[in-house]
Amino acid sequence: MSAPPKSRGEPISDPRSLVSHLEQGSKPASDWRIGTEHEKFAYRTSDLRPLPYDGPDGIGELLDRMTRFGWEPVREGDNVIALTCGSCNISLEPGGQVELSGAPLETLHDTCAEVHEHLDQVKQVGRELGIGMIGLGFNPKWKRDEIPWMPKGRYKIMREYMPKRGTLGLDMMMRTCTVQVNLDFGSEADMVKKFRVSLALQPIATALFANSPFTEGRPNGFQSFRSHIWTDTDPDRCGDLPFVFEEGFGFQQYVDYALDVPMYFVYRDGKYIDASGQSFRDFLQGRLPALPGELPLMTDWADHLTTLFPEVRLKRYLEMRGADGGPWRGLCALPALWVGLLYDDTALDAAWDLVKDWTAEERAHLRAEVPRLALDATHRGRSLREVAAEVLRIAGEGLRRRARNDRWGDDETHFINTLLEVAETGQTPATILLNRYHGEWQGDIDRVYAEFSY
């Protein structure tokens with residue numbers, strides 16, 4: 001969740017501009033880029049507790065010391081709540097999870113170099129402050145009420161609204177971490193095909209990256225508890241979006257969907273105004289109760305789009321949102337998976353051939369089963385492990401074809417090797433953690449911090 005833009009733009013006088021806003025994301029393949037975002041839990045190494053915002057070893061001090069690397073602070077009131085450097089942002093999730101929103105980069109080599117540089121920087125500062133970072137899908141040890149809230153206005157609004165729509169929304173905010181990749185499209189037709197393929201295959205990514213098997217120090221019965229949490233967060237703004245697979249789907253249909261999702265807030269004069277549960281359609285008519293008589297700005301629309309949480313999200317690019325946060329190698333493997341599938345026409349065609357006759361019921365079944373079973377789920381009588389192997393084969397071939405294009409430089413296929421190992425062995429990150437918990441760790445959850453921190 002990045003900081004709000006400084007310039008707010010002109011009022012929206014024609015609702016058709018909402019569609020145009022999305023259409024303007026279309027660009028030629030030569031301009032397609034890779035944007036990777038990843039969150040991690042920050043903790044005190046002395047007692048493994050989550051960090052408060054204030055204090056000599058708090059998140060605020062961490063952000064302040066990161067400025068030595070050229071990061072510029074972004075403030076909300078008196079608090080630094082984000083950092084920016086060029087096209088990159090470092091921001092805070094509600095429970096103090098630290099997120100890097102990476103720059104749009106040309107190659108997976110560039111993306112992985114960015115990951116390495118960022119983690120090196122936070123490790124340098126962390127050593128000074130006694131702060132560690134770990135990549136998991138769900139906080140393995142601490143109760144929700146033991147985690148401090150970060151001082152961001154939008155989180156106060158969401159904190160009050162979430163319990164009205166589901167039982168796990170506050171856990172999503174406070175105790176989850178993800179890694180996602182943002183990818184471009186060339187046209188409306190290209191967007192539709194990529195949206196359908198990535199939405200159908202999102203459970204495969206969830207299974208391969210499943211890494212949240214613990215809650216409050218004990219196994220929770222899931223491999224990706226983070227993924228399960230989204231099923232009981234807010235039915236208005238989460239889920240699989242079956243309409244994406246209907247004939248005629250395009251930018252207009254996504255806008256119609258987004259307009260029907262209740263709002264959270266409006267940002268004005270450095271403050272977040274509570275508009276939770278109110279309608280953007282009313283806003284377009286100047287009838288928003290939170291701002292009567294005022295029309296929305298295009299930045300209000302862009303903000304609203306960030307408050308939708310489907311498994312794949314459309315902005316001026318497509319966001320792949322199905323994976324748990326995880327080990328260092330996984331932060332490079334996720335973009336490799338989706339670049340291989342979506343940025344090569346032959347691979348995209350093969351992936352579409354694989355999923356185009358999957359029914360809505362089959363997709364829903366996978367979405368429901370994968371958080372608990374991961375690669376042990378089944379699809380049409382096959383284990384998901386077999387399906388994942390086929391998907392990885394397609395992705396690998398897509399990456400190899402990119403390597404034959406001199407523009408992209410060196411071969412990128414090795415970035416999915418860690419996923420090939422998962423599919424070959426059937427051992428997800430979650431099952432590896434569970435095996436150690438029940439084996440050599442003898443039920444000591446603190447060992448996860450010692451062995452799996454960055």
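1. Strand 1 (residues 34-44) contributes the most to the lining of the largest cavity, namely 3 residues; strands (E, at least two residues) and helices (H or I, at least four) are DSSP runs, numbered from the N terminus. This is a predicted model, in which local features need pLDDT of at least 70 and side-chain atom pairs count only at pLDDT 80 or more, while totals for chains, interfaces and linings use all residues. Residues are numbered from 1 along each chain as its sequence is written, and side-chain values use heavy atoms, with hydrogens and water left out.

2. The largest cavity has a volume of about 90 Å³, and of the 15 residues lining this cavity, Phe41, Ala42, Pro50, Gly95 and Asn139 are the closest to its centre. A cavity here is a set of points on a 1 Å grid over the protein atoms alone where a 1.4 Å probe fits but cannot get out, and lining residues have an atom within 4 Å of a point. By class, the lining of the largest cavity comprises 10 nonpolar, 4 polar and 1 charged residues.

3. For the second largest cavity, the volume is about 80 Å³, and its lining has 6 nonpolar, 1 polar and 4 charged residues. Helix 6 supplies the largest share of that lining, 4 residues.

Conventions. 1 Å grid on protein atoms, 1.4 Å probe; cavity = no way out; pocket = protein on both sides within 12 Å on 5 of 7 lines; lining within 4 Å. Points joined across faces, edges and corners; volume = space filled by probe spheres on them. Nonpolar A, V, L, I, M, F, W, Y, C, P; charged D, E, K, R; others polar.
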